[in-house]
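Here's a short tour of a protein, written for someone new to reading structures. Have the picture open while you read.

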Amino acid sequence: MRRNIISIVRGGPAPEEQLSVLKKTGWDGVFFTWTGWESDHTFSSQIQAEGLALQSVHAPYDRADKLWESDDEGKAEVARQIRCIRDTASWGCGLVVMHAIVGMERIAPTERERECGFQNFQKIFDAAASAGMIVAMENTEGERYLDALMRHFRGHPALRFCIDTGHEMCYDHGHDLIGKYADLLACTHLNDNLGMCGEKITWLDDLHLLPFDGVADWENIAARLNVAAYRGDITLEVKLESREGRHEHDAYRAMPFAEYAALALERAKRIGEMLR
């Protein structure tokens, strides 16, 4: 039976306060982003105490560009990603989601970056395999960085793919990444937006609206998930914060959090009804 999973909602109440609301609303589990602080360990215990599943942990991505370097910063970032994987394993969770790159100006890896990046990600994926973990690489900006990793490491026991439906629309030029990596698809980050609103790719278009509140073609997304024989969780990655100078989230923020959580669950169930 599919589970309905939601991210700890950025812009909502304190994460600890969200848990009881999400449980009462009917959500099966959550995921959150690893920080490296002791509070992560406490929070993972609180999730389980609330009777929710810890479905996955999102690895930090603010320095993902360093993973394509061989200097001390690159080595430090490899070590940080491995710490995240090992912490997640210690919490009884088998799935980490990672970004391949960060930065709108990073279009495709150079030959030097490819050499360094492959060496660094080899260490990360090998550490994950040793811990019995799966690392699902998520589509973000820099689609060709992701493609370089998926091609080079295809067949590695730790490597899988996470589809972010919003990123596919506003970062990846609408390319069918579900179909491209169907055999590796392990999880979803389902969310909506208004697509690319300008001539350039920009983080301002990555809205993380609730499904059906943007311009995503959910019939098409569901059809592609069905062709990929996706049988995993229905996982939403959404938020309550509007981007700078924008107001798409204002209606959400006007709701009590319990009402928002219930609306999000209704959207997740609606998608679930579209899947085989």
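## Before we start

Keep in mind that this is a predicted model. Every number here was computed from that model.

## The largest pocket

Let's begin with the largest pocket, which has a volume of about 700 Å³. Its lining takes in 33 residues. If you want to find the middle of this pocket, look for Arg10, Thr33, His58, Tyr61 and Glu237, the lining residues that lie nearest its centre.

Which helices and strands each supply at least two residues of this lining? They are helix H1 (15-25), strand S2 (29-33) and helix H2 (38-49). H2 gives the most, with 4 residues. Sort the lining of the largest pocket by class and you get 12 nonpolar, 12 polar and 9 charged residues.

## The second largest pocket

Next comes the second largest pocket, with a volume of about 260 Å³. Here 13 residues make up the lining, and Ile107, Gly142, Tyr171, His173 and Ile201 are the ones nearest the centre. The lining of this second pocket splits into 4 nonpolar, 4 polar and 5 charged residues.

## H1 packs against H2

Who does the touching? On the H1 side you'll find Pro15, Glu16 and Leu19, and on the H2 side Phe43, Gln46 and Ile47. Taken by class, the residues of this H1 and H2 contact are 4 nonpolar, 1 polar and 1 charged.

## H3 packs against H4

Now for another helix pair: H3 (residues 72-90) and H4 (residues 111-130). Their axes come within 10 Å and cross at roughly 15°. That angle makes H3 roughly parallel to H4. How is this crossing handed, left or right? The crossing of H3 and H4 is right-handed.

To trace the contact, pick out Val78, Gln81, Ile82, Ile85 and Arg86 in H3. They meet Asn120, Lys123, Ile124, Ala127 and Ala128 in H4. The residues in this H3 and H4 contact come out as 6 nonpolar, 2 polar and 2 charged.

Conventions:
Residues numbered from 1 in each chain as written. Predicted model: local features only at pLDDT ≥ 70, side-chain atom pairs only at ≥ 80, totals over all residues. Heavy atoms only, no water. Axes fitted to C-alpha atoms, helices over the stretch in contact; angles between N-to-C directions. Parallel < 35°, antiparallel > 145°, perpendicular 65-115°, else oblique. Left-handed = near helix turned anticlockwise from the far one by under 90°. Contact = heavy atoms within 4.5 Å. Nonpolar A, V, L, I, M, F, W, Y, C, P; charged D, E, K, R; others polar. 1 Å grid on protein atoms, 1.4 Å probe; cavity = no way out; pocket = protein on both sides within 12 Å on 5 of 7 lines; lining within 4 Å. Points joined across faces, edges and corners; volume = space filled by probe spheres on them.
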